Amino acid sequence: MPVGEPLRGGGRAGIGVIMPTGIGRDELRELTGQGAQLVEVLPAGDYDWAHLPGAVNHPLKELDARTGQLDRSRPVIVYCHDWY
Amino acid sequence: MSPRAAWRLEATGFGPVYDYVAGKADWLAADLPFEGTAQLAGMFTRRGVATTGERAPVAEALRLLAAQGFGPVLVLNQAGVVMGAAYRDPLAAAPGEAEVGTVMRPGVSTVRPSEDAAALAHRMGHAQVTRVVVTRADGTLIGLFFAADMNS
C-alpha cells in the first residue's frame, strides 16, 4: 500500500460513530504543519529513547487522566511503535 | 496500541483524531529526524558516497573509487534505488569501457537507518563485515555504515 494512503476508513461509520482515520507520513507532516497535536502513546522509556519531533508523551495507560493536557480545539495524531 | 488510543480520544470528544498507523518504526526507517537518546545507524552513516549507474563505464567507477578513498561504488537506478555495488578488484580487472552493471555485485545486503548502531556494529563484527549499505525501506540509498565509525 503506498505511503500516505489512508489505511482504513475515517469519518462517520453510519451509526453515529466517528472513526479515527489512519494516515501515513505525508499526511502527518501536513497535519502537524497545520497545528495538529502529535501524541506518542508508548511508555515513557520508549518515548525518551526516540520520538517524533514535537511529540508529547501520553502513555495509553495514562491517557484518560491526561486528556486535560491536550487542546480540544486542535486535531490530534496518535502513534505507537508500529502497526500493532 | 495507537488505534485504542485514537478510539479513546474520539470517545471523550476529541476530533478529528488521526492514527499514524505505521508509527515510529516507519518514521525512523525513513531516516527522518527524531528527538531522544537513541543511537541509530543513520546517525553514523557516511552520506554522499560515490554512486554510479549500471550503464556507466568501469573507468568512471574506478575514478570515483579513487577519489572517495573507500569502496564500494554503489550502483543506483534512476529512482535512487540501490541495484548493486561495484568493488575495486572486479572493476580493475574489466575493460575501462565495459559497463559497471556487468561487474557489479547485485543484491547487496542492506540495513535501515533505524537499527541500533551498537547492535549493528556488534553483528557486523561477528560476521567480519566492515561496512554495510544503508537504505530506506523503499530501497533508496542513504549511505554506508562503517562499524569502525562507532569508535571514532
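Of the 84 residues of chain A, 29% count as buried. The model is predicted. The secondary structure of chain A comprises 3 helices and 6 strands. Read from the N terminus, the elements of chain A follow the order β-β-β-α-β-α-β-α-β. Among contacts in chain A with a separation of 6 or more, 34% come from residues 24 or more positions apart.

Chain A touches chain B. The contact draws 32 residues from chain A and 34 residues from chain B. On the side of chain A that touches chain B, five elements of chain A are listed as giving two or more residues: β3 (21-23), α1 (25-33), α2 (44-49), α3 (63-66) and β6 (76-79). The largest share of that side, 4 residues, is supplied by β6(A). By class, the side of chain A that touches chain B holds 21 nonpolar, 6 polar and 5 charged residues.

Strand pairing also links the two chains. β6(A) is joined by 3 bridges to strand β1 (residues 17-20) of chain B. These two strands run parallel. Within the pairing, V78(A) stands opposite D19(B) of β1(B).

Chain B is assigned two domains. Domain 1 covers residues 1-30, and domain 2 covers residues 31-151. Taken over C-alpha atoms, the centres of domain 1 and domain 2 of chain B are separated by 35 Å. The contact between them takes 5 residues from domain 1 of chain B and 9 residues from domain 2 of chain B. On the side of domain 1 of chain B that touches domain 2 of chain B, there are 5 nonpolar residues, no polar and no charged.

Helix α4 of chain B spans residues 58-68. Its buried residues are V58(B), A61(B), L64(B) and L65(B). Seen down the axis of α4(B), these buried residues fall within an arc of 120 degrees, so they line one face of the helix. The cover over the buried residues of α4(B) includes strands β2 (51-52), β3 (73-76) and β4 (82-86) of chain B. Helix α5 (88-93) of chain B is also included in that cover. The face of α4(B) turned away from the buried side carries the exposed residues A66(B) and A67(B). After α4(B) comes G69(B). The phi of G69(B) is positive, near 85 degrees.

Methods
Residues are numbered from 1 along each chain as its sequence is written. Chains are lettered from A and ligands numbered from 1 in the order in which they are written. This is a predicted model: local features need pLDDT of at least 70, side-chain atom pairs count only at pLDDT 80 or more; totals for chains, interfaces and linings use all residues. A residue is buried if 20 or more other C-beta atoms lie within 10 Å of its own, exposed if 12 or fewer, and partly exposed in between; C-beta atoms are placed from the backbone. The arc is that of the directions from the helix axis to the C-beta atoms. Two residues are in contact if their C-beta atoms, placed from the backbone, lie within 7 Å. Ala, Val, Leu, Ile, Met, Phe, Trp, Tyr, Cys and Pro count as nonpolar, Asp, Glu, Lys and Arg as charged, and the others, Gly among them, as polar. Two strands pair if DSSP finds at least two bridges between them. Domain bounds come from an automatic or database domain assignment.
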